[in-house]
Amino acid sequence: MRPNNQALKHRLSHDTEREFGGTLGAICIPVFLPLTVLYLICMSRSPEASVLQWPPPLPSIDQLWDPLAPVLLLGWIALHALLYLMPLGKVSEGLVLRDGTRLKYPINGFHALCISGVMLMLLLGLGAPLGYLFELLLPLAVCAIAVSFLLSVYLYIRSFWAPPHALALGGNTGNPLYDFFIGRELNPRIGNFDLKYFCELRPGLIGWVVINLGMLMKEVELRGSPSLAMILVNSFQLLYVADALWNEEAVLTTMDIVHDGFGFMLVFGDLAWVPYTYSLQAAFLVMHPQTLSSLGAATIVALNGIGYYIFRKSNSQKNQFRRDPTHPSVARLETIATATGKRLLVSGWWGLVRHPNYLGDLLMALAWSLPCGFSNLLPYFYVIYFTVLLIHREARDERQCRAKYGLAWDTYCRRIPYRIFPYIY
């Protein structure tokens with residue numbers, strides 16, 4: 001018998017485990033993470049670039065605001081909303097929802113990246129001062145933070161008109177602060193326009209590589225040509241973004257889309273955190289140029305290549321197994337049966353550690369920071385943060401899988417004892 005709406009509301013409201021520190025985290029994170037973004041940008045352009053500098057260099061009001069910033073940011077979001085709606089690429093279905101339906105998603109993010117690239121090249125050819133993004137970085141970050149809060153408020157209010165089956169299992173606790181932060185509605189849409197899916201891989205992710213390009217052009221303005229370190233950072237991160245958009249369909253099976261509601265946590269992460277902290281290495285290199293030897297550059301390229309190979313091969317194997325476990329490339333892999341009817345991979349890349357894709361991700365993250373040298377800790381913020389993020393994400397995944405698969409998960413953990421780092425963790 002299917003539960004009625006009242007029973008479902010009760011289950012959604014009470015049978016959930018609060019994450020990210022619960023109410024305390026929901027209060028602190030929306031305050032301290034925006035301040036962290038602004039702090040990191042200020043540090044990256046200060047002469048010392050020291051995270052231990054006290055008091056930190058505080059920006060003036062003039063540095064935080066530029067009327068061009070909201071025009072650029074909103075225009076950028078509108079451009080990608082238009083590209084999202086264009087009949088490019090194919091349309092794929094997501095996983096089955098609690099009401100038995102599947103949502104449809106346009107797979108055209110890579111098209112949006114290519115069109116954006118062509119437009120940027122045309123602008124550069126026309127003499128547009130793309131290096132001015134360096135001066136606009138703080139005002140753009142302020143605007144992105146403001147847009148994140150406004151969108152989150154809209155999402156929270158509209159979620160009260162959503163049917164119970166459309167709410168995220170962990171986002172309807174009855175605590176308004178926590179629900180605002182974690183997100184009440186799983187897949188908020190305006191017509192066929194999926195807000196979470198759009199924000200996940202479009203304006204922020206592509207905006208990240210545009211900011212990187214702006215930092216490269218600023219270096220050209222200052223020194224006549226881009227440094228090898230800047231070229232490596234731009235190239236590595238462009239490859240990462242292009243890979244994510246080329247394999248856009250894979251995001252439909254991730255925790256963000258399948259499990260998490262769309263609230264401040266994801267909105268801020270997509271629109272503000274990713275473009276303005278992931279571009280930290282490029283911003284750092286503008287004011288703190290580095291010289292790389294040929295051997296050093298080759299070593300960094302090799303490290304990024306190894307990380308990318310592990311990341312891509314393991315993700316492709318997992319996605320292929322989820323889509324079609326009978327495919328020849330995965331059919332012979334060893335698995336463990338679960339009571340849900342699904343099977344857990346225990347061979348191939350997924351027989352090495354429980355999350356080989358995270359291992360590849362972290363190797364790439366280190367390669368992105370190494371071109372910035374060793375004199376400052378600031379460019380390594382991303383590696384440190386990302387390590388903490390992935391360990392936390394792995395722990396969340398562990399809890400969900402243990403609740404879902406029971407004894408089969410215990411068997412799996414005994415078979416694959418290491419989580420991310422072989423023989424270490």
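Domain bounds here come from an automatic or database domain assignment. On that basis, the protein splits into domain 1 (34–49 + 68–291) and domain 2 (293–424). Keep in mind as you look around that this is a predicted model.

**How the domains meet**
- The C-alpha centres of domain 1 and domain 2 are 23 Å apart.
- Domain 1 brings 34 residues to the contact, and domain 2 brings 30 residues.
- About 2900 Å² is buried between domain 1 and domain 2, with carbon and sulfur atoms giving 61% of that area.
- On the domain 1 side, the residues that lose the most area to domain 2 are Phe236, Tyr240 and Met255, together 23% of what that side buries.

**Polar and charged links**
- Between domain 1 and domain 2 there are 2 salt bridges, along with 8 residue pairs in polar contact (both at pLDDT 80 or more).
- Arg312 pairs with Asp243 in a salt bridge whose closest N and O atoms are 2.6 Å apart.

**The domain 1 face**
- Helices H2 (22–45), H10 (228–246), H11 (255–258) and H13 (280–287) are the elements that each give two or more residues to the side of domain 1 touching domain 2.
- H10 gives the most to this side, with 9 residues.
- By class, this side of domain 1 has 19 nonpolar, 9 polar and 6 charged residues.

- An unreviewed UniProt entry places the feature "transmembrane region" at several spans, including residues 68–86 and 365–391.
- Residues 68–86 are 95% helix and 0% strand, with end C-alpha atoms 27 Å apart.
- Residues 365–391 are 59% helix and 0% strand, and their end C-alpha atoms lie 14 Å apart.

Note on methods: Residues numbered from 1 in each chain as written. Predicted model: local features only at pLDDT ≥ 70, side-chain atom pairs only at ≥ 80, totals over all residues. Heavy atoms only, no water. UniProt positions renumbered as here; feature names shortened; annotations may be inferred. Helix = DSSP H or I, 4+ residues; strand = E, 2+ residues; numbered from the N terminus. Contact = heavy atoms within 4.5 Å. Buried area = accessible area lost by both parts, 1.4 Å probe. Salt bridge = Lys/Arg side-chain N within 4 Å of Asp/Glu carboxyl O. Polar contact = N/O pair within 3.5 Å; in protein donor to acceptor, adjacent residues only side chain to side chain. Nonpolar A, V, L, I, M, F, W, Y, C, P; charged D, E, K, R; others polar.
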